[in-house]
Amino acid sequence: MNEPHDIAESDIDEGFGARLTIDLQALADNWRKMREHSSPARCSAVIKANGYGLGAEPVATSLYDAGCRDFFVATAREGAVVRQHAPDARIFVMNCILPGIEETCRVAELVPVLASMEHVALWTQACIDNGEHPCALQVDTGMNRLGLSIDEAAALADDVTRPPGFSPVLVMSHLACADEPEHPLNDQQLAAFRDIAEAFGGVEASLANSAGIMLGDAYRFDLTRPGIALFGGAVGDHVRPLTDPVVSAEARIITVREAKRGETVSYGGTMTLRRDSRIAICSIGYADGYMRALSGTGVTLRGHHPEGGHGFACGHKLPVLGRVTMDMTAFDITDLPAGSLKAGDFIELFGKNVPLDDVAATAGTIGYELLTLLGSRYRRHYLPAGKSG
Ligand SMILES: *Cc1c(COP(=O)(O)O)cnc(C)c1O
């Protein structure tokens with residue numbers, strides 16, 4: 001039998017098919033911008049799902065160095081990772097799974113966000129058994145996802161019914177329609193949350209995500225919770241991003257080929273060339289989160305973006321030709337002078353020239369999904385941030 005191959009990461013790096021460049025300085029600057037917009041409320045950072053797909057560790061470290069001391073993650077496991085890079089920060093775990101995460105919360109000093117009366121009972125018992133540990137409380141003001149009902153929260157706020165050992169450090173709720181400023185649910189949720197915040201007087205209150213911060217002073221309370229804005233994503237359907245792009249994704253060209261007018265490209269033969277063409281076949285596909293819905297033709301779920309996705313290189317938009325496949329995508333480079341792109345060169349998928357949110361819209365989704373679907377095959381390159389408050 002052969003010896004197992006001992007291959008170092010550095011030996012195989014040159015074979016990467018696509019890369020992400022993540023600008024940690026832009027990330028830190030974006031957080032400072034959101035901190036200004038949040039003022040006088042404190043500004044936290046929501047870095048669930050591996051820092052919106054960009055890497056929990058570098059993201060947490062840069063934000064911590066920028067001065068952020070409050071983080072929100074989805075799971076206790078994510079919280080334990082962030083803890084290693086944010087020693088004295090408060091880390092809130094929003095997907096509170098009880099029973100289950102009590103021990104992790106104690107060991108990593110995480111604050112669970114209790115989201116039902118059952119959670120309150122279980123957590124209170126855990127505190128009676130093992131000693132006090134801070135918690136937060138989520139109240140549902142209209143989204144119907146997580147949280148105590150308004151009546152349950154109001155009863156709990158009442159000193160008489162509050163269980164001994166139950167002392168939340170934060171009461172929070174989440175807006176369902178913050179990205180649509182005119183939506184009537186915003187005012188309703190604000191009014192309901194104001195009452196709850198008042199009932200829990202003395203406990204910090206938090207309502208606004210990125211888009212919520214931009215709804216105005218009234219929404220900011222004591223602590224804001226921006227996520228997508230930190231990563232340069234748009235906070236509403238038709239709003240320009242408030243912050244700078246943080247990530248650019250590029251795919252490498254495997255080969256450039258010529259094809260004749262009348263021939264078809266990719267699976268299904270759904271794309272017939274209308275001219276003699278030069279085609280760059282890139283090492284990127286839906287397995288990398290470059291979704292099949294970005295196909296040039298042959299995928300029908302896109303509604304008002306029939307033309308499909310495009311990349312960018314040498315000052316030109318380069319349309320996707322035919323279907324995006326698992327590991328490869330064809331881009332039309334016919335408009336570039338011959339020889340301007342060759343095997344090994346890069347085509348931008350999104351970044352400075354192709355806005356993240358435009359690519360997402362073309363695929364019928366939002367920047368959040370595009371970021372969090374980025375796969376593990378990218379070579380990730382982090383541009384460092386300076387350390388200033
Ligand atoms: C994800 C999330 C946020 C951050 O939302 P963005 O729209 O990314 O700013 C804030 N609060 C809660 C409860 C969340 O789940």
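# Packing, rings and backbone in a predicted model

Me: Against which helices and strand do the buried residues of H8 pack?
Reply: Helices (H or I, at least four residues) and strands (E, at least two) are DSSP runs numbered from the N terminus. Buried means under 20% relative accessible area, exposed means over 50%, and partly exposed is in between (1.4 Å probe, protein chains only). Packing here rests on contact, that is, heavy atoms within 4.5 Å. The partners of the buried residues of H8 are helix H7 (117-130), strand S7 (136-138) and H9.

Me: At what pLDDT do side-chain atom pairs count in this predicted model?
Reply: Residue numbers start from 1 along each chain as its sequence is written, and side-chain values use heavy atoms, with hydrogens and water left out. The model is predicted, so totals for chains, interfaces and linings use all residues, local features need pLDDT of at least 70, and side-chain atom pairs count only at pLDDT 80 or more.

Me: Within what arc do the buried residues of H8 fall?
Reply: Helix H8 covers residues 150-157, and its Ala-153, Leu-156 and Ala-157 are buried. The arc is that of the directions from the helix axis to the C-beta atoms. The buried residues line one face of H8, because seen down its axis they fall within an arc of 100 degrees.

Me: How far apart do the C-alpha centres of domain 1 and domain 2 lie, and how many residues does the contact take from each?
Reply: The C-alpha centres of the two domains are 37 Å apart. The contact takes twelve residues from domain 1, and from domain 2 it takes eleven residues.

Me: How many residues apart in sequence are the parts tied together by Phe-16 and Phe-346?
Reply: Rings of Phe, Tyr and Trp (its six-membered ring) pair if their centres lie within 6.5 Å; planes under 30 degrees apart count as stacked, over 60 as edge-to-face and the rest as tilted. The structure holds six aromatic pairs, and that of Phe-16 and Phe-346 is stacked, with 6.1 Å centre to centre and 20 degrees between the planes. Phe-16 lies in the loop between helix H1 (9-12) and strand S1 (18-23), and Phe-346 lies in strand S18 (residues 346-350), so the pair ties together parts whose separation in sequence is 330 residues.

Me: Why is the pair of Phe-193 and Phe-221 given its class, and what is that class?
Reply: Phe-193 belongs to helix H9 (residues 184-199), while Phe-221 is in the loop between helix H10 (210-213) and strand S10 (223-224), 28 residues apart. Phe-193 is buried at 0% relative accessibility, whereas Phe-221 is partly exposed at 22%. The ring centres are 4.9 Å apart and the planes stand at 80 degrees, so the class is edge-to-face.

Me: Which residue has its charged end over the ring of Phe-16?
Reply: A charge sits over a ring if NZ of Lys or CZ of Arg is within 6 Å of the ring centre and within 35 degrees of the ring normal. Phe-16 itself is buried, with a relative accessible area of 12%. At 4.8 Å from the centre of its ring sits the charged end of Arg-252.

Me: Where is Pro-99 placed?
Reply: The peptide bond from Leu-98 to Pro-99 is cis, with omega near 0 degrees. Most residues other than glycine have a negative phi, and most peptide bonds are trans. Pro-99 is placed in the loop between strand S5 (90-93) and helix H6 (102-107).

Me: Is Glu-109 buried or exposed?
Reply: Glu-109 is not a glycine, yet its phi is positive, about 50 degrees. Its place is the loop between H6 and strand S6 (111-114). With a relative accessible area of 56%, Glu-109 is exposed.

Technical notes. Domains from an automatic or database assignment.
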